[in-house]
Amino acid sequence: MAEQKVTHDDLAAFAQRAVNLPKAVADSRRQQVNTLRDKLTSHIAENPGFSLVKMLHAGSVAKGTALRTVNDFDVAVYVRNDEAPEQEGQLLEWIAERLRAAYGALIDPSQIEVSTHCVNIHFKSSGIDIDVVPVLYEGDPGDRGYLIAKSSGDRLLTSVRLHLDFVADRKRTCPQDWVQVVRFVKWWVGEQKQRDGQFRFKSFMAELLCAHLLDTGAVTFTDYPAALEGFFDYIVRTDLAERIAFADYYRATELPSVRTDAIEIFDPVNPANNAARLYDEIDRKRIVDAAEESLDAITEARYATTKAQAVACWQVVLGSRFRGQA
Ligand SMILES: Nc1ncnc2c1ncn2[C@@H]1O[C@H](COP(=O)(O)OP(=O)(O)OP(=O)(O)O)[C@@H](O)[C@H]1O
Ligand SMILES: [Mg+2]
């Protein structure tokens, strides 16, 4: 076969230029969240009986899967379940009050506000928003608790700590490349959303799907064009109708015995929590169609006779900002 016109190096350069959050920015964001966490830890130590237990940095910036376009930083705040108000609105206001008390001199109280299903801390100088997501906690050593989902307000029994471990395991198995492919997939999702306002593919699902492809050896992550081709090929081949689950923290026999939803990508921590529960047949079809279009474009790129033609094909996948290296 003729030499590829768009190569691994082209995609790697694009990642550095456009896709990835620069390391210095990620480090400074993590530092900012660490400062908040440490301040809360010392407030808890000084105030026995304080109802907030601890804080964990839980989103993509913590996992290393953030894109340059990231604008929310997720932290989970663990609250004592028996002390927390039952009703969501009251719970969030109650948490906001306690955060204002804990951060007294550090953050102006007006910067801490109740938002949809979470409490938001806004930093005026940097424009950064930190979403504080409650976890109702009863002391589980694996940090399991009821997470109030930011997107839906659902109470999900899970552990963001074990999710971080789950991601760290895959990063150890395939350093740099697995997480880079996750970022490309999230970038692709962003492109699809721009083309079709109804397209949905949650980051957590994308991450779990990439973990499945790594665990099963279905995709070569060290070659980015091949990895993306393998990702789309999986979706097209299975119609995204195959159940995806993991044996890290429970046995396969604990999963539901019958199919429950249009897409099944189970939380690695809780076999009763399908992370794709809110996706219907139409959502599934949209994802399969988009994957098919991208797979066709990658196939076509392989037969391109000029670099410009191959780049145009890859722009179907990665958008018009993709240019290929000079
Ligand atoms: N349905 C869910 N079930 C269990 N945990 C979830 C679910 N959705 C999100 N989470 C938890 O929240 C974390 C953040 O997930 P989310 O999908 O919001 O994206 P993210 O990784 O922060 O990506 P980004 O914000 O860059 O899109 C996940 O790592 C997981 O711990
Ligand atoms: Mg996030």
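**A tour of the ligand 1 site**

Begin by selecting Asn 273, where a polar side-chain atom lies 2.9 Å from a nitrogen atom of ligand 1; a polar contact is a pair of N or O atoms within 3.5 Å. This is a predicted model, in which local features need pLDDT of at least 70, side-chain atom pairs count only at pLDDT 80 or more, and totals for chains, interfaces and linings use all residues. Residues are numbered from 1 along each chain as its sequence is written, chains are lettered from A and ligands numbered from 1 in the order in which they are written, and side-chain values use heavy atoms, leaving out hydrogens and water.

Select ligand 1 itself next. Taken alone, ligand 1 exposes 620 Å², of which the protein buries 84%; these accessible areas come from the Shrake-Rupley method with a 1.4 Å probe.

Proceed to two further contacts. Lys 186 places a polar side-chain atom 2.9 Å from an oxygen atom of ligand 1. At Phe 204, a backbone N or O atom lies 3.1 Å from an oxygen atom of ligand 1.

Now display the 18 residues around ligand 1, each with a heavy atom within 4 Å of it. Those that come nearest are Ser 60, Lys 63, His 163, Lys 186 and Ser 203.

Finally, select helix H5 (160-173), one of the elements that give two or more residues to this shell; helices are DSSP runs (H or I, at least four residues), numbered from the N terminus. Among the buried residues of H5 are His 163, Phe 166 and Arg 170, where buried means under 20% relative accessible area (1.4 Å probe, protein chains only).

Note on methods: A polar contact is a pair of N or O atoms within 3.5 Å; within protein, one must be able to donate a hydrogen and the other to accept it, and residues adjacent in sequence count only if both atoms are side-chain atoms. Buried means under 20% relative accessible area, exposed over 50%, partly exposed in between (1.4 Å probe, protein chains only).
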